[in-house]
Amino acid sequence: MQPKILTLELIKQHSSIDSNYEDALLTQYAIGAEATLYRLLDRTHDELCDMNGGEFPPELVIACLMLVDILYNHRNPQANIPLSSVGYTFDLYAKPYIKL
């Protein structure tokens, strides 16, 4: 299974990653971030593209990149990151697409 939205190149550019050492891990994070997005919005990939003239909404690409970056940089469950900032940032980009 491969991510539909995110590429390794895009993830690495966003997160300033130069090596190929953790490509498999980054791919899994991307798959997880995309699945989380679809589940939280209660929409499919195709629905989201249809809502944006056939293209995947760029703000949702940013939301997925941010989730991958958080997972990658804060792998330790006891990392010192305020969880409220994660939710706020994600909501900022994703909330307009939530199915009501």
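Keep in mind that the model is predicted.

Let's start with helix α1, residues 8-15. Which of its residues are buried? They are I11, K12 and S15. Look down the axis of α1, and these buried residues fall within an arc of 95°, so they line one face of the helix. There is a general point behind that. An α-helix has 3.6 residues a turn, so residues three or four places apart point the same way. Now turn to the other side of α1. There, E9 and Q13 are exposed. What covers the buried residues? The cover includes α2 and α4.

Next, the pairing of α1 with α2. Helix α2 spans residues 23-41. How do the two helices cross? Their axes come within 10 Å and cross at roughly 95°. Angles of 65 to 115 degrees count as roughly perpendicular, and α1 and α2 are therefore roughly perpendicular to each other. Which residues meet here? From α1, we have L8, I11 and K12. From α2, we have D23, L26, T27 and A30. Sort that contact by class, and you get four nonpolar, one polar and two charged residues.

Now the core. In soluble globular proteins, nonpolar side chains tend to be buried together. Here, the largest nonpolar core has 25 residues. Which members touch the most others? I5, L6, L37, F56, L60 and V68. As for the helices, α2, α3, α4 and α5 each supply at least two residues of this core. Helix α4 covers 58-73, and α5 covers 83-94. The largest share comes from α4, with eight residues.

Take L37 as one example. Set aside its neighbours within four places in sequence. L37 is then in contact with I5, F56, L60, C64, F90 and A94. Three of those names, I5, F56 and L60, are also on the list of core members that touch the most others.

Last stop, C49. Where does it sit? C49 is in helix α3, residues 45-50. Buried or exposed? C49 is buried, because its relative accessible area is 11%, and buried means under 20%. What does C49 touch? Beyond residues up to four places away in sequence, C49 touches G54, E55 and F56. F56 is also a contact of L37.

Methods. Residues numbered from 1 in each chain as written. Predicted model: local features only at pLDDT ≥ 70, side-chain atom pairs only at ≥ 80, totals over all residues. Heavy atoms only, no water. Axes fitted to C-alpha atoms, helices over the stretch in contact; angles between N-to-C directions. Helix = DSSP H or I, 4+ residues; strand = E, 2+ residues; numbered from the N terminus. Parallel < 35°, antiparallel > 145°, perpendicular 65-115°, else oblique. Contact = heavy atoms within 4.5 Å. Nonpolar A, V, L, I, M, F, W, Y, C, P; charged D, E, K, R; others polar. Buried < 20%, exposed > 50% of the residue type's maximum accessible area, 1.4 Å probe, protein only. Core = buried A, V, L, I, M, F, W, Y, C linked by side-chain atoms within 4.5 Å. Arc of directions from axis to C-beta.
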